[in-house]
Amino acid sequence: MAATSGIAEEETQVSSSDENNPRLDVYVWDMDETLILLNSLLKSSYAESFNGLKDVRKGVELGRMWENLILQLCDDNFFYGQIENYNKPFLDVMSEYDDGRDLSDYDFNTDELGPPHDDVNKRKLAYRHRVIAQRYLQGLHNILDHETIKAWDDLYSKTDEYTDKWLSSARAFLEECSGEKKDVVSSTAYGNTSTNSTNAKHQRVNVLVTSGSLIPSLVKCLLFHLDSVITHENVYSSWDVGKTQCFRWIKERFNHPNVRFCVIGDGWEECEAAEIMRWPFIKIDPRPGKPHRFPGLTSKTVGHYFSVVYPNNKNDEE
């Protein structure tokens with residue numbers, strides 16, 4: 001567990017009995033090979049770990065279909081062809097340059113976004129980020145045509161079946177972590193952030209920190225049905241800044257005397273960052289028979305990791 005080594009951040013003391021400060025649990029997720037499977041399909045490592053029980057060629061084919069669909073949506077609906085070289089760690093980072101202009105008649109194809117990186121071009125990028133956030137809230141069913149939606153639904157079902165319900169069980173676990181089975185709601189209780197639970201005694205939020213670029217990561221959230229349990233404000237890209245910096249931003253954002261953090265992912269970078277922050281880390285292992293995978297990971301296991309790092313809490317396995 002990543003809780004006792006590394007360069008220590010200031011430790012947070014948490015007490016579940018403080019009625020004036022209800023507990024806030026922040027689940028910090030990795031995406032690829034944690035909440036979704038994609039790279040391991042493309043590289044066939046997922047299928048090969050089953051020692052002949054999985055059709056390797058089928059897994060690679062599914063991965064390629066996902067890759068094509070992600071790139072298509074990025075370019076057709078989320079300006080990726082225009083802003084691929086302007087990756088940012090989160091959407092709201094450009095909000096200070098957005099003057100609130102009505103964009104209903106704005107032509108994004110002729111505004112000549114590009115160098116120099118002055119305030120004028122930062123405003124153009126901010127406009128695109130605003131539209132991307134709006135489309136994320138709309139959901140793909142309100143953006144795509146019927147044929148594309150059917151192909152997407154079929155691909156999701158086939159992939160979920162091939163991976164023994166990895167996708168649907170990961171999403172169900174996110175719902176369990178958020179404390180409800182409904183669409184996320186916004187809350188201003190913690191620094192104008194979006195939380196996933198409004199229980200007065202115990203609030204929970206899912207945050208995504210991915211090493212991929214921001215726009216494809218948002219599109220993946222939509223395609224893999226994660227947008228109702230992870231708001232666009234809670235999606236971070238560590239591509240340029242690293243996961244430790246993202247974790248520090250998250251700690252500052254959820255600045256609360258009764259907050260607890262837990263990192264869940266499969267890679268060394270989030271493990272190292274969790275150690276630096278003194279946050280518990282749960283390593284996902286997609287190999288069959290391993291407990292920290294989907295299906296398999298339970299709230300009881302997560303509660304155990306919480307209790308080791310935050311021992312002052314009671315009922316950590318609730």
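Reader: What am I looking at, and how are the residues numbered?
Author: It's a predicted model: local features need pLDDT of at least 70, side-chain atom pairs count only at pLDDT 80 or more, and totals for chains, interfaces and linings use all residues. Numbering starts from 1 along each chain as its sequence is written, and side-chain values use heavy atoms, with hydrogens and water left out.

Reader: OK, how many helices and strands does the protein have?
Author: There are 11 helices and five strands. Those are DSSP runs numbered from the N terminus: helices are H or I with at least four residues, strands are E with at least two.

Reader: And how much of it is buried?
Author: Of the 318 residues, 53% are buried. Buried means under 20% relative accessible area, exposed means over 50%, and partly exposed is in between, using a 1.4 Å probe and protein chains only.

Reader: What share of the contacts join residues at least 24 apart?
Author: Taking contacts between residues at least 6 apart in sequence, 73% join residues at least 24 apart. A contact means heavy atoms within 4.5 Å.

Reader: Which residues have the most contacts inside the largest nonpolar core?
Author: Val26, Trp29, Leu223 and Ile250 do, in a core of 92 residues. A nonpolar core here is a set of buried Ala, Val, Leu, Ile, Met, Phe, Trp, Tyr and Cys residues joined through side-chain atoms within 4.5 Å. In soluble globular proteins, nonpolar side chains tend to be buried together.

Reader: Let's stay with tryptophan 29. What is it in contact with?
Author: Leaving aside neighbours within four places in sequence, its contacts include Leu35, Phe173, Cys177, Val207, Ile264 and Phe294. Ring pairs also link Trp29 into a cluster with Trp166, Phe173 and Phe294.

Reader: What counts as a ring pair?
Author: Rings of Phe, Tyr and Trp (its six-membered ring) pair if their centres lie within 6.5 Å; planes under 30 degrees apart are stacked, over 60 edge-to-face, and the rest tilted. The whole structure has 16 aromatic pairs.

Reader: Are tryptophan 166 and phenylalanine 294 buried or exposed?
Author: Tryptophan 166 is buried because its relative accessibility is 0%, and phenylalanine 294 is buried too, at 1%.

Reader: Which residues does proline 286 touch?
Author: Setting aside neighbours within four places in sequence, proline 286 is in contact with Tyr46, Trp166 and Arg293. Proline 286 is in the loop between β5 and α11, and at 24% relative accessible area it is partly exposed.

Reader: Switching topic: where are the cis peptide bonds you can show me?
Author: One runs from proline 115 to proline 116, with omega near 0°, and proline 116 is in the loop between α4 and α5. Another goes from phenylalanine 294 to proline 295, with omega near -10°; proline 295 is in the loop between β5 and α11.
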